[in-house]
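Colleague: Hi! Could you walk me through this one? I have a few quick questions.

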Amino acid sequence: MRCLVLGAGGFIGQNLVEELLLKGHHVVAYDRPTAILEIQEQFPQASYINGDFLTEENWENVLQGVNTCYHLISTSLPKTSNDDPISDVAGNVLGTLRLLEAARKMNRNIRIVFASSGGTVYGPLKSEKVSEDHPTDPICSYGITKLTIEKYLQLYRELHGVSSIALRIANPYGFRQSPDSTQGVIGVFSGRVLRNSAVDVWGDGSVIRDYIFVKDVVDAMLSAAHYGGREVVFNIGSGEGHSLREILNAIETATQKEANIIFHPSRGFDIHKSILNISRAKIEFNWSPKIGLQEGINKTIHWMKNYMNDSQKY
């Protein structure tokens, strides 16, 4: 298969490119020039396209010959999206609409696998575990744009036959997640503990989230590309909840170091508890996460130590 990965230079994108190449697919990696430069040495067998998702006008050329398009690009972050919702919409929704229009005009059977958000599209929760039919009332612009894109995917499926699946992904972590990223609790916390830096926690550490190892996310994405059933939205997570304190305890176990924690007032947009019900993906994809939290954090810490040594930044 010819697979296009939008956002190939990102954390999930790099892991996806690696797995697709290992399985013998032809991979076209699309990202900004700086991101492409960072991954070309890792994956010389892939093809590369430098582009800007916000302004890309040549989607028909980018999509030529593509069987599956993995849409992983997001130009905003949950915690900052409310600061500039206009840019959030302009960068993400309009960019995706240009992509969908190109797919429609080409009249080809391209499957789009979209990385949505299992942590922000639902908003305040009404049940212990969130299934795909839970009300969607996002309280940040990031979640609203993800949900809007899901709705446009539905529109283009119904009106134009553009095949797509949305994966509402929990909180991914693992290989290639930079310790200097502005998101990703496990990656950021792990880096700070390894460097003996302070760990900032908003609230008392009791906030509970669903964390999933990146290799399990990639497996779900590959399953989505080949899925032939009727469902179009899937929760992708571990199906288990862990508090920030539990995360820090697991990192301390993996690093054999004590975390220096600084507590800050809680943030208004942080939902206290969010755990995904992943039954649909288990049944329809015959998929389930394989890596538990402590094992995943152990693997992450091992990778991060090598990253820090190789980069000679620390």
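Predicted model: local features only at pLDDT ≥ 70, side-chain atom pairs only at ≥ 80, totals over all residues.

Colleague: Okay. How many aromatic pairs are there in the whole structure?

Modeller: Searching the whole structure turns up 8 aromatic pairs. One of them is F53 with W59, an edge-to-face pair with 5.7 Å centre to centre and 70° between the planes.

Colleague: And which residues form one aromatic cluster with F53?

Modeller: Y30 and W59 do; together with F53 they make one aromatic cluster.

Colleague: What about Y173 and F213, how are they arranged?

Modeller: Y173 and F213 also form an edge-to-face aromatic pair, at 5.5 Å centre to centre and with 70° between the planes. That pair links distant parts of the chain: Y173 sits in strand β7 (residues 171-173) and F213 in strand β10 (residues 211-213), 40 residues apart. Both Y173 and F213 are buried.

Colleague: Changing topic. Where is N92?

Modeller: N92 lies in helix α4, which covers residues 85-106.

Colleague: Why do you call N92 buried?

Modeller: Because its relative accessible area is 3%, and buried means under 20%.

Colleague: So what does the N92 side chain make a polar contact with?

Modeller: With the side chain of D88, at 2.9 Å. Leaving aside residues up to four places away in sequence, N92 touches F53, I73, S74, T75, S76 and I149.

Colleague: Which residues point which way from β6?

Modeller: S164, A166 and R168 point one way, while I165, L167 and I169 point the other way; all are buried.

Colleague: And what is β6 joined to?

Modeller: Strand β5 (residues 111-117) is joined to β6 by 6 bridges, and the two run parallel. Opposite I165 in β6 stands V113. Strand β11 (residues 233-236) is joined to β6 by 4 bridges, again running parallel. There, R168 has N235 in β11 as its bridge partner.

Colleague: Last one: which helix makes a β-α-β unit with β5 and β6?

Modeller: That's helix α5 (residues 141-160), and the β-α-β unit is right-handed.

How values were computed
Residues numbered from 1 in each chain as written. Heavy atoms only, no water. Phe/Tyr/Trp six-rings, centres within 6.5 Å; stacked < 30°, edge-to-face > 60°. Buried < 20%, exposed > 50% of the residue type's maximum accessible area, 1.4 Å probe, protein only. Polar contact = N/O pair within 3.5 Å; in protein donor to acceptor, adjacent residues only side chain to side chain. Contact = heavy atoms within 4.5 Å. Pairing = 2+ DSSP bridges. Right-handed = clockwise from strand over helix to strand, strands pointing away.
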